[in-house]
Amino acid sequence: MPAPGENLRINPDRLWDSLMEMAKVGPGVAGGNNRQTLTDEDAEGRRLFQRWCDEEGLTMGVDEMGDMFMRREGEEPDLPPVYVGSHLDTQPTGGKYDGVLGVLGALELVRTLNDLGVRTRHPIVIVNWTNEEGTRFAPAMMASGVYAGVIDRDYAYSRRDAKGLSFGEELARIGWKGSEPAGARKMRAFFELHIEQGPILEAEGKDIGIVTHGQGLWWLQVTLTGRDAHTGSTPMAMRVNAGLGMARVTELVHTIAMSEQPDAVGAVGHVEVYPNSRNVIPGKTVFTVDFRSPELAKLERMKARLEAEAPKIAAELGLGIEIEPVGHFDPVTFDEGCVTALRGAAERLGHSHRNIVSGAGHDACWINRVAPTAMVMCPCVDGLSHNEAEEITPDWAAAGANVLFHAVLETAEIVG
Ligand code: HGY
Ligand code: MN
Ligand code: MN
């Protein structure tokens, strides 16, 4: 005897159409998206998502970090809802699916329940978390971090982008600063669907990744201070070159990560050079080191080694140095019950699957601290993400959304 709702499936064409419609908002220059958090493009994407949720009769709540909560009522409204979602903000050269698949996959399961008049005991709430990417305002997963009580709200509000605009000002400017305290809501569970952003699932021919753990992360912002000077007339021995220092520290980051193989990564992705003029030796550089590992000991060793050795590089070049942590979370172990619900759904639906550790950070990594949480992943072409060429197939999107759907159904408890 099949379990209640066993034969339910999302509408794959409608999901794909919604993904393509959202992709038109904040287009990039090479087929992807540039819908950075709290920009006008982000605001436009929020309005489109809100319109779609209005059409489904969902009621919206917005908290003080701009997180959007779209509630489908349950038969027992006082029960804690099952939350499901991800993020709509993108990298400056982002893809069409990073985060978006998780939000629109959640919308699609609600649309399907509405189509069929299926009720659940627990309410279901779709979430769009603000500033998951952390590219315009560090740290990443900022709003979910405030929600989980690990990032201070006023610290978040104070964070500034490259133009000096603050998160709090920009949130108010686009009209999405809600009154609801972040973290006030209580969750039965939180589920997130996300593309893998790595090569494993595609390489192994697996449709589904059941995310059991997530890598830990350190973001260390390094500021090197030297002296602006003429690139032509300044003798080499007289130079105090912050650009040279940045190059050597970047090499050190790579060396440290390679010394901790396997299961460790390191790079510098954000760089600011001052005055950034062709014929001026950089007097100042500001750059962010990104270290990650699923093993806490490795993560801490990489951070400690950078903090010990980067000042030596600075001293050799006569540079001032500051190292400021601007993002951090320990490796994550997701909730066994939620992981099992996702794995059981993949098995019942007949999808090939494997356990996987998330290489990227996600809002689920923070929400896991305050509610039972787990993630499901689908492959992406060549494992490519944070690149406008990011691509998935409609079948992968549908497989991920159906596994999400059935885990949410099981947890929200279908009625009748
Ligand atoms: O940095 C991350 O892992 C995520 O994409 N924000
Ligand atoms: Mn993401
Ligand atoms: Mn991302």
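Arg-72 is buried (under 20% relative accessible area, with exposed over 50% and partly exposed in between, for a 1.4 Å probe and protein chains only), yet it forms no salt bridge. A salt bridge is a side-chain nitrogen of Lys or Arg within 4 Å of a carboxyl oxygen of Asp or Glu. The nearest side chain of opposite charge, Glu-56, is 7.1 Å away; Lys and Arg count as positive and Asp and Glu as negative, while His and the chain ends are not counted.

This is a predicted model, in which local features need pLDDT of at least 70 and side-chain atom pairs count only at pLDDT 80 or more, while totals for chains, interfaces and linings use all residues. Residues are numbered from 1 along each chain as its sequence is written, chains are lettered from A and ligands numbered from 1 in the order in which they are written, and side-chain values use heavy atoms, with hydrogens and water left out.

**Surroundings of Arg-72**

- Arg-72 is part of strand 2; helices (H or I, at least four residues) and strands (E, at least two) are DSSP runs, numbered from the N terminus.
- The Arg-72 side chain reaches the backbone oxygen of Val-118 at 2.7 Å.
- Not counting residues up to four places away in sequence, Arg-72 touches residues including Leu-58, Val-110, Leu-113 and Ile-124; contact means heavy atoms within 4.5 Å.

**Manganese site**

- Asp-98 (OD), Glu-133 (OE), Glu-133 (OE) and His-386 (NE2) coordinate the manganese ion (ligand 3) at 2.1 to 2.5 Å.
- Donors are N, O and S atoms within 2.8 Å of the metal (3.2 Å for Na, K and Ca), and sites may look incomplete because water is not among the atoms.
- Asp-98 bridges the manganese ion (ligand 3) and the manganese ion (ligand 2), which lie 3.4 Å apart.
- Glu-133 sits in the loop between strand 5 and helix 4 (142-147), and His-386 in the loop between strand 16 (373-378) and helix 12 (394-412), so the pair ties together parts that are 253 residues apart in sequence.
- Glu-133 counts as buried at 5% relative accessibility, whereas His-386 is partly exposed at 40%.

- Helix 2 (residues 40-55) has 16 residues, which should span 22 Å at 1.5 Å a residue, and its end C-alpha atoms are 23 Å apart, which agrees. The expected span is 1.5 Å times one less than the number of residues.
- Buried residues of helix 2 include Leu-48, Phe-49 and Trp-52; among the elements covering the buried residues are helix 1 (12-23) and helix 3 (100-116).
- Helix 8 (residues 242-259) has 18 residues and reaches 25 Å from its first C-alpha to its last, close to the 26 Å expected.
- The buried residues of helix 8 pack against strand 8 (216-225), strand 10 (265-274), strand 12 (284-293) and helix 9 (296-317).
- Asn-241 caps the N-terminal end of helix 8, with a side-chain oxygen 2.8 Å from the backbone nitrogen of Gly-243.

**Backbone exceptions**

- Most residues other than glycine have a negative phi, and most peptide bonds are trans.
- The peptide bond from Gln-261 to Pro-262 is cis, with omega near -5°, and Pro-262 is in the loop between helix 8 and strand 10.
- Tyr-274 and Pro-275 are also joined by a cis peptide bond, with omega about 5°.
- Met-141 is not a glycine but has a positive phi of about 50°; Met-141 counts as buried at 2% relative accessibility.
- Glu-413 has a positive phi near 65° and is partly exposed, with a relative accessible area of 30%.

Definitions and conventions
Polar contact = N/O pair within 3.5 Å; in protein donor to acceptor, adjacent residues only side chain to side chain.
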